[in-house]
Amino acid sequence: MAVSEQALRLEALEKPYPPAWRRWVAGGISFARRKPLGAFGATILILTIVVAVFSPWIARYPYGEPHFSDTLQAPNSTYWFGTDILGKDFFSRMVIGSQVTVLAGLGTVVVAAFLSVLVGGVSGYFGGRTDMATQRLVDVWVALPPIFLLITFLSVLGTGGDGFLGLGRGPNVGLDPKNGDWIWYTFFRSSVVIFSLGIIFAGYGARIVRSAVLAIKENVYMEAARALGASNVRIMWHYVLPNIMPLVIVLASVNLGAAVLAEATVSFLGFGIQPPFPTWGQLLDQDGRIHGVGHEWLSIMPGLAIFVCVYAFNMLGDALRDVLDPRLRGGR
Amino acid sequence: MRQYFIRRALLVVPTVLGVTLLITLLLQILQGNIADLIFAESSTYNQELTKEKIENDLGINDTILGSRFLGAFKQWGEWIGGVAHGDFGEYFRSRRSVGGELVNRTPVTLELSGLALAFSLIIALPIGVISAMRQDTMVDHTARSFSIFMLALPSFWLGTMYFVVVGSWHDWGLPKSIGDWLLPPSIYKNFWEDPEANIRQMWAPAAILGFALAGSVMRLTRSQMLEVLRQDYVRTAWSKGLRERTVVVRHAIKNAFIPVFSLIGVQIAILVSGSVVLERIFGLPGLGLMLIEAVTQREYVAVQGVLLVVAIVVVLTNFVVDMAYSLLDPRIRYA
């Protein structure tokens, strides 16, 4: 018995462990089998990111270049998505606009995850008065519907050229317009939107993280760590954080669709990235809403793009949640 | 229970006050240029105007110990004191009363939200129930994919498309009389003034907003129904030989709808948010449009007023729904 067991173990050791990339591929395939819609969402996400990153090279014309002889053209072989009132190529504008969608979506969930772990973690970990005070702050934080806060935030901070804390001013100086279109510079342009959205989304996340931390605190290994004299920072970093990571990833992916939708909404209302730089929400408002009658493509294209992205990201979020943390599955 | 009720009730007021304080501080720290803006607009007409005079008139240069941050507390205190006496302040430029504007605007948003809520319940509840009764059939799959679609459909896109379709109605050779009815009158009329015009203006935004809500209501109704249908007492009802309709309507629905009711507390925030977008597209003079106008013109006193009203509505609804929830379902015990 003992011998055969040892033999088995040796055999397992000799069998080469698959390299990381193969494990990732295998994991991806099994995810796609179990959650086809989730895989569809992941595909759309990757596709959007690729388009956004390479957008200056995918766009067929500079996004601001007018063609006065070809105004309001219906989609054709020269202008794939038609042209707007000034004859700007709508396809190029949509492709460039995808940068903001990707940045605002991913940036928001990253900022929100970071803040909600910080606030929710500290609140749940220390408990007592800290918890009480933080929770009242979070109450205030989430008392207003997000759009109301967002509009106020964005209008006060301003979404013009400079970005959050004037970050947008630096790297743009002295660059030719082609390079200025690259997603890295768009990040600085959209930083105000990203941080405002992130701060607002974090309020809801902080509550969920807090309750998870409260549950983790009950574990015996926490007591053991404390008995060994570990500092608060060490316990939080090495014991609490790894345990809430799956939850944070799920929260982020579930919020991704909502973040994209929120960015599109504020852009549509005119509080997002300002023209001339295009975003999908802004195109839907400035072209689709104003010139849409008789030129349907102007309102169909940006709206459809937003819808497909939000739908795909929601599917991805739901699938990841089911796989990583089925307990979170609820009615909503 | 009673203790919980009292504790929750005591939290309502500080939460609302906290919201307004936070907004005042934010505006005070970050705004900085309302005086600049007014100065730039008016100084060509009035040569004697100075920035200091505008700031004094507006009362936005309050400082305590030379600090604008502390000054904001003083300003907030004065503003809250005024609100307690029913004085919400006035617009910087036109000197109109913000309180009067709020009184005019709130009913529009409430009507829109109420209609939207009714609309979403009317479509979501029956579909959710049927979807659960016929679990894993074609009906169920269709309803579920439909509800997921609805969650992702941006209401501002639907609103835009509504006008595109109505605007192109004639060009597409569709019946003119229907197209004329669908085009909402451009001047807002309230229900008592002109019921027909009001309904023509309201039904489309309410339907679009309700549509956005229906997705989540439907999903929750379905999952709750499924859970209730598996309970012992429902099996007892079946084994008594009751008809399906009696089992579902008399026994199952009541318990399944309780959590759905609590969802409405969460939905109210979504409703009010959605109304901002739809009021903008359809030109309805509600709170959302008031906020957009006030924010673009940097009329921060009006912004404060809108946010106060919205915070009160949201916090109170959540409170009432939570309390009603525990009355409806006596199994729920709050610590």
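Modeller: Helices (H or I, at least four residues) and strands (E, at least two) are DSSP runs, numbered from the N terminus. The model is predicted: local features need pLDDT of at least 70, side-chain atom pairs count only at pLDDT 80 or more, and totals for chains, interfaces and linings use all residues. Residues are numbered from 1 along each chain as its sequence is written, while chains are lettered from A and ligands numbered from 1 in the order in which they are written.

Colleague: In which helix of chain A is the place of A:Leu324?

Modeller: A:Leu324 touches A:Pro246, A:Ile249 and A:Val250, leaving aside residues up to four places away in sequence; such contacts need C-beta atoms, placed from the backbone, within 7 Å. The C-alpha atoms of A:Leu324 and A:Val250 are separated by 7.1 Å, although the two residues are 74 apart along the chain. A:Leu324 itself belongs to helix 15 of chain A.

Colleague: Why is A:Leu324 classed as partly exposed?

Modeller: A residue is buried if 20 or more other C-beta atoms lie within 10 Å of its own, exposed if 12 or fewer, and partly exposed in between. A:Leu324 is partly exposed because the number of other C-beta atoms within 10 Å is 14.

Colleague: At which residue does helix 11 of chain A bend?

Modeller: Helix 11 of chain A is mostly covered, with 19 of its 27 residues buried. This helix, residues 191–217, bends by about 35 degrees at A:Gly203.

Colleague: Which helix of chain A gives the largest share of the side that touches chain B?

Modeller: In the complex, 35 residues of chain A are in contact with 45 residues of chain B. Helices 6 (128–143), 7 (146–157), 13 (232–268), 14 (280–291) and 15 (297–324) of chain A each give two or more residues to the side of chain A that touches chain B. The largest share, eight residues, comes from helix 7 of chain A.

Colleague: Which element of chain A has the lowest mean pLDDT?

Modeller: On the predictor's scale of confidence in each residue, from 0 to 100, chain A averages a pLDDT of 83, and 86% of its residues score at least 70. Over residues 168–178 of chain A the pLDDT is below 50. Where pLDDT is low, the predicted coordinates should not be read in detail. The highest mean among the elements of chain A is 92, for helix 5 (residues 90–126), and the lowest is 44, for helix 8.

Note on methods: Two residues are in contact if their C-beta atoms, placed from the backbone, lie within 7 Å. The bend at a residue is the angle between axes fitted to the seven residues ending there and the seven starting there.
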